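This briefing is meant to be read beside the sequence and the coordinates. Please keep both open while going through the points below.

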Amino acid sequence: MAMPLALDFFLHYAYWILFLWVMVEQLGVPIPSAPVMITAGTLTATHRLSLPLVLISIGAGSLVSDSVWYLMGKKYGGSVVKLLCRLSMERSSCVRKTENYFTKHGAGALVLAKFVPGLGSVAAPIAGQTGMKYRFFAIFDTAGILLWAMAFTLGGRFFGDVLKKHPDALGWVEHFAFLLFVLTLLGFFIWRFLRQRAFLREIRMARLEPDELKGMLDREQPVYIVDLRHPLDYLPDPRTLPGAVLLSPDTLVQQSAEIPRDRDVVLFCTCPSEATAAKMALTIRKLGVYRVRPLRGGFDEWKRLGYPLVEIPPQAVAQVG
């Protein structure tokens, strides 16, 4: 009885669930709304839900959250965009790309924003940041929301229409609707997790070889080197690479605006497979730092090869700790 009861609950409160779910997701909580919209669209095929009311519920929820971000972007500017980039699950979400896209396309960017990875979450605050009048924002944003909502709900409606031609299949889907929804939601999170893992592997494959970095230093090529090791790692050998900046991972994120964008950024640590360096490379890429690579082998490999090291001043260790 658990599945029919869950379906009955959804049908009874469907419009409120759609409104709140979409609003919360668009405010930045990583709970995908696509499965809910597809489910609602499928149920409109059986006339248990009204398609216009489904679209209104989704549109209202999204417009409320977008308006909140618009007002925050208008008041706080770029800091809000950076916050959303950190919250976003999309690795392509970053300040520079999205701001450039919005500057190029203007208000029209809002119409397709929710279909562009990364842009959907930051388009509203960027609109506020650029000083767009709210009435223009609301018109273009509403048009984009309706396109986005229709893409998923009509997809679900098509699926429901196909099932109507096979009554046995429709009854089975209705009976196990909640289970199918949970599996879809779980599949979404697994897909996101695997994609992030794949990107971390990509980052590790793009590692900078120690001899490449040594050559860059010998040629006096501008490079920003970050030592991500814990202060306890300095005790056995209080040295670091020439010119390296000592930063903890948290401090690196906090000072991301100070990282130069016009040169290679090299991260190193002492963890297996450069795990910390790879994860931090992923994090700061989301913040708009693209020329970042982990150093293969980290400090230990650099030291093993006999490449130059410099003493770490005690006050520098204290600042990291």
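Which residue follows α8, and is its phi positive or negative? The residue is G131, and its phi is positive, near 85°. The model is a predicted one, in which local features need pLDDT of at least 70, side-chain atom pairs count only at pLDDT 80 or more, and totals for chains, interfaces and linings use all residues. Residues are numbered from 1 along each chain as its sequence is written, and side-chain values use heavy atoms, with hydrogens and water left out.

**Overall make-up**
- The protein has 16 helices and six strands; these are DSSP runs numbered from the N terminus, helices being H or I of at least four residues and strands E of at least two.
- Of its 321 residues, 43% count as buried, where buried means under 20% relative accessible area, exposed means over 50%, and partly exposed lies in between (1.4 Å probe, protein chains only).
- The accessible surface comes to about 16,500 Å², and 64% of this belongs to carbon and sulfur atoms; areas come from the Shrake-Rupley method with a 1.4 Å probe, and for residues only the protein chains shown count as cover.
- Among contacts (heavy atoms within 4.5 Å) between residues at least 6 apart in sequence, 76% join residues at least 24 apart.

**The four-stranded sheet**
- Four strands form an open sheet in the order β3-β1-β4-β5, with parallel pairing; two strands pair if DSSP finds at least two bridges between them.
- The edges are β3 (245-246) and β5 (292-294), each with a single partner strand, so one side of each has no neighbour in the sheet.
- β1 (residues 223-227) and β4 (residues 264-268) pair in the parallel sense over five bridges.
- V223 stands opposite D264 in β4, and the bridge partner of V226 in β4 is L267.
- β1 and β3 pair in the parallel sense over two bridges, with D227 opposite L246 in β3.

**Surroundings of β1**
- Helix α12 (residues 210-218) packs on the sheet and touches β1, β4 and β5.
- The direction of α12 makes about 130° with that of β1; axes are lines fitted to C-alpha atoms, for helices over the stretch in contact, and angles run from 0 to 180 degrees between N-to-C directions.
- Five of the five residues of β1 are buried, so β1 is largely enclosed by the rest of the structure.
- Both faces of β1 are covered, with V223, I225 and D227 buried on one side and Y224 and V226 buried on the other.
- In a regular strand the side chains alternate between the two faces of the sheet.

- E220 lies in the loop between α12 and β1 and counts as exposed because its relative accessibility is 71%.
- E220 is not a glycine, yet it has a positive phi of about 55°.
- Most residues other than glycine have a negative phi.

**Helix α8**
- Eight of the eleven residues of α8 (residues 119-129) are buried, so α8 is largely enclosed by the rest of the structure.
- The buried residues are L119, V122, A123, A124, P125, I126, A127 and G128.

**Position of M72**
- M72 is in helix α4 (residues 51-76).
- M72 counts as partly exposed because its relative accessibility is 30%.
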